[in-house]
Structure formats: C-alpha cells, structure tokens
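The sequence and structure are shown first.

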Amino acid sequence: MFDFKSATQRQRSLFGLRVWIAALVVLLAFGLLGARLWVLQVQKHEGLLKRADSNRTAVLPLPPRRGDILDRNGVVLARNYLSYTLDVVPAEAGKIDPLLKNLNQVVPLSEYQVKRFKRRLADAGRFSLVPLRRDLSDTEAAFFAAQAFRFPGVQLKARWVRQYPQGLSAAHVVGYVGRISEADVQALDANHELGNYRGTDIIGKKGVEKSWEQVLHGVTGIESVEVTARGKPMRTLHRIDPAPGEDLVLSIDMRLQRIAEQAFKGQRGALVALDPQTGEVLAFVSAPSFDPNLFVDGIDHDSWRELNESENFPLINRPVYGTYPIGSTFKPFIALAAMTMGKRDAKTRIYDPGYFEMGKTRFRNAGSVPYGNVDMHKSLVVSSDTYYYSLATDITIDALHDFMKPFGFGQKTGIDLDTERTGVLPSTDWKKKAFKERVQQRWFPGETVSVLIGQGYSAFTIMQLAQATAVLANGGDYHTPHLVKAIQNTALKTQRPTRQEPSHRIALKREHVREVTEALEQVTLTGTARRAFSGVQYPVAGKTGTAQLFNLKGSKYKKEDVDERLRDHSLFMGFAPSRAPTIALAILVENAGWGSEVAAPIAREVFDAWILRDDGALAQSRTP
Amino acid sequence: MIGLFNLLIRGMKAIDWPLFLIAALLSGVGLLVMQSAVGGTDWRYAVQSQYLVIAFFIMWGVAIVPPHWLAKMAPLFYGVSLVLLVGVVFFGETSKGATRWLDLGFVRIQPSEIMKIALPLLLAWYFQRREQRLMGLDFVVAFVLVVIPFLLIVRQPDLGTALLVGTAGLCAIYFAGLSFKLLVPLAVIAVVGIGSVLLFEETLCLPNTDWVLLHEYQKGRVCTLLDPTQDPLGRGFHTIQSTIAVGSGGLYGRGFMAGTQGQLDFIPERTTDFIFAVFAEEFGLYGALTLLFLFALLIIRGFVIAIRATDTFGRVLASSLSMVFFIYVFVNIGMVIGILPVVGVPLPFFSYGGTALVTLAVAVGLLMGISRHSVRIAANQ
C-alpha cells in the first residue's frame, strides 16, 4: 500500500515537471507574440499608420444595369430610370438628428423616410452608404448641390431605380424586385453568386423578375481605385466593365392583356390565354392586382397591411397558385377520354331523366333538368351531368388519371414563374397518400361520379385548364407554356428566341378531336354559351362551367340565399378560330355564378380583341 | 419540484467556474469584435450568437458525463472518426481545391475537426490502460495512432488542421511520459529544421525547387512568410494587410468599429482566420496583451486541472487539450502578425463558424468533467 502510494506520487511529480516545462514553452511563445506585437504597434506604429492612412487600393464593384422587360410588341413593362438619391456615410455625418433637421429645410423628408433611414442606419457599417431619400426633383437636387458643404457625409447621386410603367397591369406576370434580404444572401451564397451581387441592392422577388433573375441581373464589373483614408476614390487603376443584364421580350400582348383585365370589371378571378401552336402566353390575368412599384424601395407598413390583409388577396397569383374545381369545363376532356378508351361512341345514347342513381345515392343534373336521350354531342351542348355520371361504371379513376396527366391536369405545367401549384388529379394512389386513416384511404365508386363532372376531389389551376385546352386545340401537342418569348441583347437589340419543341405528344384520334370540337362549336352557337357569342364572325369552340363550392343537398340553389364567398365559380374554356386556332384560353371568375353569364362574355371580348382588327372586321391573318 | 431543483444544483456543480468565466469573457469579447468585423449587425453576427448558445449547452452536456465513461468510448470515437476521414477521401465534397467535408445526408461534417478531440481522448485512454506496464513499444504504437489521421488530413489538403491534430497527439505522448532522452533529439531536429529554412531562404523559394511533402500552395505560404513583399497582391496580401492593421492600432487602438483597415475591407477573411487583426487594430497593444493574458489564464487553468487529476487518463487528456488551445492561439495570432505562415487555423471563441465552436465547447466540457471528477475523489479520500 505504501509502495503504491509513493509510486503514484512519483509519477505525479514527474508529470508535474512535464506540465511546468509545457507552461514554460507557452510562456515563451506568448512572450514572442507579445514582443512582435510591441514591434508592430509601438516601434513600427507610425510607419504602419501612415500606410494605413494613405495609398491604398480598393476594389469597387461596378453593378450591372438590370435588363428591361417588354411585351411582344415592345411595350415596356419594367425599366430603370435615373433618379437623384441622397445617401449618408455614417462615419462622416456626425450627429444624425441635427443633420436630418437641417437637411429637412433644404430637401423635405417624410416621417416614414426618416424612420426607415434610422432602421437601415442601425444595420449598416460606419463607412457604407445608407440610402435616405430617392426621386429628388431637379429643383431639390440643385438646392442640395448648392448647400452640400453644410452636410458632410451626405452624398447626392444619380442612380438607376426599377420602375413598372404599366402599374397594376400584368403585375403578376412581371412581379417585382426588392431589397436583397438575409434569405436572399444565404441563397446567393449557397449558389456561389454572392460575389456577383456586390454593389447591387435589389433582386427579383416575384414573377418573371424572379424566375429570370440570372438573365436580367448581368455580371458585375470591377474597378480598382486608389482611395484616401476616408475611403474616397482618387483615381482608377484598373477596370473591368460590367456586362449589363439582358432584356426579356414577353409573349404577352399588352393590348390584349388590358382588354382581358378590364373585362373582369373588378371581379376576382383568373384568365390565361395561350397560343396553342407555340405555348406562348398571350394574356395572364390575376384579378384583383397590385402595384409592383410599391415594393421596389421597400413597401411601407400601411400599404403592406392593406395588400396582405385584404380579403380579396391581390398578392396571390391566381392562375398558377389558385386551385379550383373546374366543373363542366372538364367535360370535353372526359368525352375525349371515353372515346379514346373505347367506352363510348360519339353516337352512343344515354337516357337522361335528370339524375343518375348509383346504389341508393341520386346524383342530379344542375337544376334537375331532364334532357331525354343524350349522345356525346348533345351532352356537351346542353351540359348534361347524367351522361358523364353514367361513365363511372365504365371508367376507373386510375384510368382517368392516366389519361388526364399528360394534358397537364394536376401537374406543374412548367411555366416560367415561381409558386406554381400542382393541384389534385385524384387517383387511388393519391387518396392513400392524402389521408391518414385506413377508412378514408379507400376509393369509393361514388367519388368517381363527382370527379367526372369536374367536382369532388379534383382541384386544378386555371393555368392547367388553359394548357389542356391548348393541347386539345392543336390536336395533342404539349408545348410547355412560357412567358418569355425571346432574350434581347441590350446594346445590339438582337433577339434570341426561347421557343422549344413540344415536350410530348398525346396520341389522340383525329376524328375524336373533331367530334369534341364540333360539339364545342355548337355550344357557342346554340348551347350554353350562345348568348355570349351571338353574331360572332369566326367559329369558336368553347364550354361553360359552373363549379359548386357549397352542397345544398338537393334543395334548389338560389344565388341570393348563399353567402357571397360560397357562391359558384363561373368558368369558361375555349379556342378560336376553332378550325385553325390562334388562341386558347381558360377563365374563372370567383363566386360569380353561371359560366354562361359571366365567364363566357369575358372570353368573347378577348377572342374579338385577338382575332378582329381594330375596326371590328375580320383580319386576314394575325400572327404577329 | 425539489427533484428538478436538485438536478439544477447538480448541473451547476458540473461547471468549473474559473474555466467557465474565462471562456465566457473570451466569447463576449469575441462577439463584440465580430460585430465590428461584419460592420454592424448583419446575419453572421446573429448566427454567431446562436452558435454560442448552442456551444454552451454542448459544453455543459459534456461536462456532466463522467470521464471514465468517455474513456470507455474513446476507441469507438477514434475509430469512427478515422472511418469518416477515410470516407472523405472517397466521398468528400470538394470546395476551393480542398476536400474536407462529408455529407452524411442529414448533416455535413468535417471529420478532421472531430479528430482534434478524438485523438487526445484515445491516447489518454491508451496510456491509462498501459499505465503499469508502459514500455518503449507503447510509444511507437501511440506514434502510429497519431500519424495515420495526420497524413489523411494533410492530403485533403488542410495543413492547419493536420498540424493541430499532429501536435495535439505529440503533446499527449509527451505528457504520458516519453523519455527526455528521445525528446531532446526531437527538439534538436525542430530547431535545425527551422534554422535551415531561414538559412536557405534564397534557394528554397526558387520556382524549380521541389518540396517533397508539401503542396505547391503550402510552399507558397511558407515562402510568402519569409518575404511577403515578393507577392504583394497575391499570397503576401493577407500578411501585409493584417500587419498594417495591427501596427496602425498603436498602443490604444483606433477605437471600436473605427479601424479603417477592417471597416474598409482591407483585411481579408476578417470574420474568420484574420479576426485578430480587426481586434488589434481597434483595441491596440493594451487590448492585444489583455487578450493574450486571458488565453494564458485559460491554458493555465487547464494545466491546473491536469495536475489535480487523479488518473493518467485525466492528466494526459487535460494537459494535451490545454496545449490544443495554446496551439490554436499561437498559430492563429502568429500568422496574423506575420511570424508564422498563413495556415487556416481559427482563433478560439472569436472566428466565425459553428464547427470550430462545437469542438471548443467539447474540449472545455471535457476539462470541466475531469476537474469535477478529481474534486469528488479528493472529497472522498
């Protein structure tokens, strides 16, 4: 025991010695650091301070000019204009409050501008430029320039600011830019693009401004300059010019766009019009809209609240983000499915007593109207629900799913916009994933019945309906829809088209497409859309739809009895001229009632605007 | 309720307060300098404070674990780290010409960072086991255990971390009782090596001289150290700008957030490896010496814990971890003020980055665990 203890103690003292040696090494090393620090900070201090204060090169970024956004005819949707701005360098400005007070006598500053400036000041470096005011008038700029000596650290600069001259029009297409946020910085950093954004303070946040950010932004240049102790540039040593961002030429036609927007008459809804031969988006309406100019310099609190809390949700991009039941506008596609699968002949007649019975459940026609003997043609013209209900015994939900998927239903269409939603194209697989409980995971035949008239679980975007309509119009080619038609070199004005070949082709029999088209033509001549299209100078194929939101359980639907937000959606899908279509569209007006009364007249206005000349006569050909 | 209270008391007892106070003080100053280095309160500043909070809990968690459990885990820990290091060779992610990261699907890790802790832990465990029958062969085995990870990290390439891991291992061997007869020749080799580098400065950096073990860029770093003005806009830029920053600080410094070198973007990597330049520019010689004093206190506290430790495991682990702190500080500050080559070693508690902070937290936690354990045994005797 004694021996053991002494051994341990010996070991300990030996270890102690080793630690003392190590401590000595640490002391010596730190002494070396201290000595070197003394040499630098005391002996060489003056020389190094001089070097720090003079003759230095700084590498300054030269931010590129952002590309413009134009419509297909060159109308400007987004551009940059030169604006006089006031920026403050905190290190040179001295006390902020008296400065702002004196400055206010020369250049008026609003309370909001002062508040925003102070918020930015708190986040900014001492030598950085903090924006105070922009858009000074020429007089204000001249006033300030004359008195600039009174305000050290306040700089008057001319700067490019983003502007959207069309305001509310096509706002959801163009989107907007905003100040680069923390999240943006991290995303840029992850893509190794942060360097290219030095000196840039805005970035695309929504719409084409966001989805085409890389093309619009350009490449930042570099300028090495000699700077003074205060960071003021003295002379340029070396310069690499920035490469400006390229312009985007949209396929949107602003004349058509405005007519479509005005046709909504203040109602909420969505419209997408496509060129069925190319997939170009001709008009894209999300009503109501907002003014993207509000966002450019950071939106103020009140405007933000007004937009964000409005029960009309103007910021939502309805055509790609809103998912809806599409009601009877789904029927042409169901009819096509039934014929393609060989479940129905065009001439097959079904007796329609006004309802369809499956087990003990009775599914009624809208308004319970009996149509008698109905074939495919008549089923579309009068919009018989029973004809389609009866398909539930012939077509399984999964077969329907597989037929509809290539049309784009329940899929992202691939349009060049962010925030596109998929919606729901129901199938037994989908139901298994969507529900947790076993009981709910099973698919019931009765559920197929509602899907067949565009109700039930199905939920599509208007973008999808427009795309499927375009595919039907051209006989089966899926052209990925796109908003950007060409990329234009800013300096040379040369254009590079973005058009691609169709991504896939759906095998459809020509006579089946013709049967459906003929029936849809009849819809606009004698069917549900006849009033909206009375006297039309060109053949139109179309289908109205009225999508139920509220199940009244068999009792009669009366518009006045139902809360406004639960009223039916009014829909229309169609294309024209029906034998050689140049435009295909889908329209939804929220809670507006019958498709024939609200959505179809909008379609008429848009078709007329696209196909007729300004004087109302039929144009020979129109493919701008 | 009382149970919770007791748990809290026990949790508090796990903390070695002198060590904690020093670490907290250093972290506080570090956060202050970070604020200046980012030029205000941008996101890195906020993220760094979150990392600090996380690091504190990791430290606490490690401190609570009894050291002999950790000893048992040491071989497993080392083995896993080694497997991950080998994994980097085959599946690592390459960025900026170096392959250091491994993506495990749910988290991205830098196995070399884990090795900084795993290696001293393993060696402490090994020497504890061989305590009564220590022979010369054991030191050979220990040396091999150090060299394997060292070489794996060198070829990533990451000279800074390899140096840290290697030195930590050598320190552990030294503290375990490597004969002084062997130590003296080693010291002589080191002195001769550094001496010859200085002596043959002229020829060493000629472009056609081939350095056997080191990469071209590593050669560049050493040569730049010998004469930074050779390459003022390239490799020498870091050292020139950081010495100007430190020197212009003078005795009292240029004031918080008022250093032109840092604020005008002249100090490269100023939130990470070169953050000491920002500090010395703004707080001067007095600030810098105070900081050195704080770091010295941290290391000395580590040594005190090592001396008080009751078993070989505790002694070797505590002393070599203290030396890891020392090497961090010495290599980092030495590189900033131009007496050591530019190798990527962060300044503990100061440099931005979550991984390094976690490693630090584990190291401090281990020291606390050893400290508490020896106190308890002393009380029992």
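## Confidence

Within chain B of this predicted model, the lowest confidence falls in helix α9 (residues 201-204), with a mean pLDDT of 59. The highest is in helix α13 of chain B (residues 275-308), at 95. Over chain B as a whole the mean pLDDT is 83, and 85% of its residues reach 70 or more.

For the model, ipTM is 0.89 and pTM is 0.62.

## Contact between chains A and B

The contact involves 36 residues of chain A and 43 residues of chain B. On the side of chain A that touches chain B, at least two residues each come from α1 (2-43), α2 (45-53), β1 (56-62) and α8 (182-190) of chain A. Helix α1(A) supplies the largest share, 18 residues.

Sorted by class, this side of chain A holds 21 nonpolar, 7 polar and 8 charged residues.

## Strand β23 of chain A

A:Ala541, A:Lys543, A:Gly545 and A:Ala547 point one way from β23(A). A:Gly542, A:Thr544 and A:Thr546 point the other way, and the residues of both sets are all buried.

The partner of β23(A) is strand β24 of chain A (residues 569-576): the two run antiparallel and are joined by 7 bridges. In this pairing, A:Gly545 lies opposite A:Leu571 of β24(A).

Key. Residues are numbered from 1 along each chain as its sequence is written. Chains are lettered from A and ligands numbered from 1 in the order in which they are written. This is a predicted model: local features need pLDDT of at least 70, side-chain atom pairs count only at pLDDT 80 or more; totals for chains, interfaces and linings use all residues. A residue is buried if 20 or more other C-beta atoms lie within 10 Å of its own, exposed if 12 or fewer, and partly exposed in between; C-beta atoms are placed from the backbone. Helices (H or I, at least four residues) and strands (E, at least two) are DSSP runs, numbered from the N terminus. Two strands pair if DSSP finds at least two bridges between them. pLDDT is the predictor's confidence in each residue, from 0 to 100. Two residues are in contact if their C-beta atoms, placed from the backbone, lie within 7 Å. Ala, Val, Leu, Ile, Met, Phe, Trp, Tyr, Cys and Pro count as nonpolar, Asp, Glu, Lys and Arg as charged, and the others, Gly among them, as polar.
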